[in-house]
Amino acid sequence: MDVLRIEGGRSLVGELEVPGSKNASLAILSAVLLGKGTTVLHNVPRVSDTLIKARLLTHFGAGVQWREASLIVDSTDIHPGQADEETVRSIRTSFYLLGPLLARNGQAELPAPGGCRIGARPVDFHLKGLALLGAEIVLEGGVYRARTRGLRGAEIYLDFPSAGATQHLMATATLADGVTIIQNAAVEPEVTALAAFLNRMGARIEGAGTSTITITGASSLSGCEFRVPSDRLQAGTYLAAAAITRGDVTVRGILPDNQTALVNKLREAGARIEEGPDWVRVSCDRRLKGIRVKTMPYPGFPTDMQQIMAAVLSLAEGTSIVEETIYESRIGHVAELNRMGARMRVEGRTTVIEGVPSLKGAAVEASDLRAGAALVLAGLAAEGATFVRNVRYIDRGYENFEQTLTALGASIERLDSQDLEEARQTLE
Ligand code: EPU
């Protein structure tokens with residue numbers, strides 16, 4: 001069912017571990033096609049994006065099998081294949097298959113990608129980089145058709161440190177002839193995770209996690225075993241949930257360094273932060289105060305936490321300014337939070353938030369993954385019942401979301417059709 005019902009007003013308290021990173025898994029699930037043989041991936045989150053991506057691999061000849069949180073991919077025989085447009089459009093990272101398919105087969109075809117609607121999300125850096133690596137790509141009828149007479153190393157400068165372009169080009173270059181240098185590369189932890197995975201497959205990548213990555217091409221890669229690191233964005237969401245509900249939540253099994261921007265901003269707003277070698281605790285027993293937040297590429301404040309932070313700040317005392325510099329329209333949460341009594345307005349790429357003392361439950365709609373998470377957090381803190389529709393967006397990136405929140409003391413449930421009918425009548 002596609003609706004969550006939340007009874008707000010309970011502080012979240014407790015400890016949890018988060019599953020593996022969705023975004024690292026999605027990048028790895030493209031790169032996996034580069035290696036001949038069987039790869040065993042542990043700690044892959046079972047969210048709808050990874051389920052779809054894993055199924056997509058079978059269109060190109062890969063064998064795919066889930067064993068609990070492990071995914072076994074046999075990419076011995078990979079063919080150019082043909083993926084249906086609907087599946088490809090449903091996730092952005094389907095496009096990152098183009099380079100690996102090209103590297104394995106010398107040709108590839110993929111419909112143009114989709115993903116959450118948070119901005120134009122062009123793929124020009126990917127296309128320019130692939131061309132420098134020796135690909136000839138044309139777009140015909142909404143389908144990218146690529147071929148190569150042999151990939152070769154190149155020097156690639158990215159106009160912006162795009163996580164996706166860095167991952168796609170770094171992976172493709174592992175099978176190019178010679179050395180590739182990517183300048184102004186993204187330094188996101190998901191890039192570092194992908195490089196570690198590729199090196200495990202036999203690639204030679206140096207500098208991942210810095211803005212210059214050097215890849216020395218290999219003639220072939222082979223299957224490997226790899227554990228996906230935990231999801232910093234799911235972790236951040238639960239830490240933010242502690243702040244908005246004036247609770248006390250510890251997330252274990254994570255790298256505190258990956259949470260630096262978020263925890264510093266929560267601390268500035270008045271939350272209490274404690275950290276250990278592999279855990280972060282956020283607690284809060286008072287009303288937060290308004291702050292300024294500006295999204296930046298890692299290690300700056302993550303765009304993926306922007307909408308969630310805006311929900312937290314909607315209840316802070318005073319004015320907050322939240323500036324989004326990565327995407328032009330990641331604002332689907334604003335009108336919905338205002339339905340709950342928030343006072344937010346969008347000015348260009350900035351959201352101005354006049355903090356209110358309380359939010360009131362309402363029927364709201366998720367427009368994308370993180371907007372959906374922001375609405376759930378607002379619902380947890382609001383007075384009364386909140387109904388969040390379009391939960392399918394939340395299912396793209398949060399595993400066992402309501403179960404995890406329930407274990408922390410939330411009152412949240414997914415409505416079945418009968419409940420939904422009753423809820424509709426209550427709301428009418
Ligand atoms: N960009 C271009 N041209 C390109 C590629 C990117 O102009 O060819 C622009 C984008 O439009 C955007 C900026 O560069 O303005 C950054 O985009 P980036 O390529 O870094 O984003 P992405 O790789 O498409 C990943 C995550 C997003 C996350 C961003 C930023 C995955 C599957 N997605 O997207 O995650 O917001 O990096 O960190 O890894 C999410 O999880 O909710 C999500 C949207």
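Domain bounds here come from an automatic or database domain assignment, and the lining of the second largest pocket draws at least three residues from each of domain 1 (3-18 + 230-427) and domain 2 (22-227). The structure is a predicted model, in which local features need pLDDT of at least 70 and side-chain atom pairs count only at pLDDT 80 or more, while totals for chains, interfaces and linings use all residues. Residues are numbered from 1 along each chain as its sequence is written, and side-chain values use heavy atoms, with hydrogens and water left out.

**The largest pocket**

- A pocket is an open set of points, on a 1 Å grid over the protein atoms alone, where a 1.4 Å probe fits and protein lies on both sides within 12 Å along at least five of seven lines; lining residues have an atom within 4 Å of a point.
- The largest pocket holds about 970 Å³ of space, a volume being the space filled by probe spheres set on the points, which are joined across faces, edges and corners.
- Of its 43 lining residues, the closest to the centre are Tyr 96, Arg 121, Ala 163, Gly 164 and Tyr 327.
- Because domain 1 (3-18 + 230-427) and domain 2 (22-227) both give residues to its lining, the largest pocket lies between them.
- Its lining divides into 21 nonpolar, nine polar and 13 charged residues, where Ala, Val, Leu, Ile, Met, Phe, Trp, Tyr, Cys and Pro count as nonpolar, Asp, Glu, Lys and Arg as charged, and the others, Gly among them, as polar.
- Among the helices that each supply at least two lining residues are α1 (22-31), α5 (124-132) and α12 (369-381), and α1 gives the most, with four; helices (H or I, at least four residues) and strands (E, at least two) are DSSP runs numbered from the N terminus.

**The second largest pocket**

- The second largest pocket has a volume of about 410 Å³.
- Val 228, Pro 229, Ser 230, Gly 253 and Leu 255 are the closest to its centre of the 20 residues that line it.
- Helix α7 gives the most to this lining, with four residues, and the lining as a whole divides into eight nonpolar, seven polar and five charged residues.

**A four-stranded sheet**

- An open sheet of four strands has the order β23-β24-β1-β25 with mixed pairing, two strands being paired if DSSP finds at least two bridges between them.
- The edge strands, each pairing on one side only, are β23 (363-365) and β25 (411-414).
- β23 and β24 (residues 385-389) pair in the parallel sense over three bridges, and Val 364 stands opposite Val 388 in β24.
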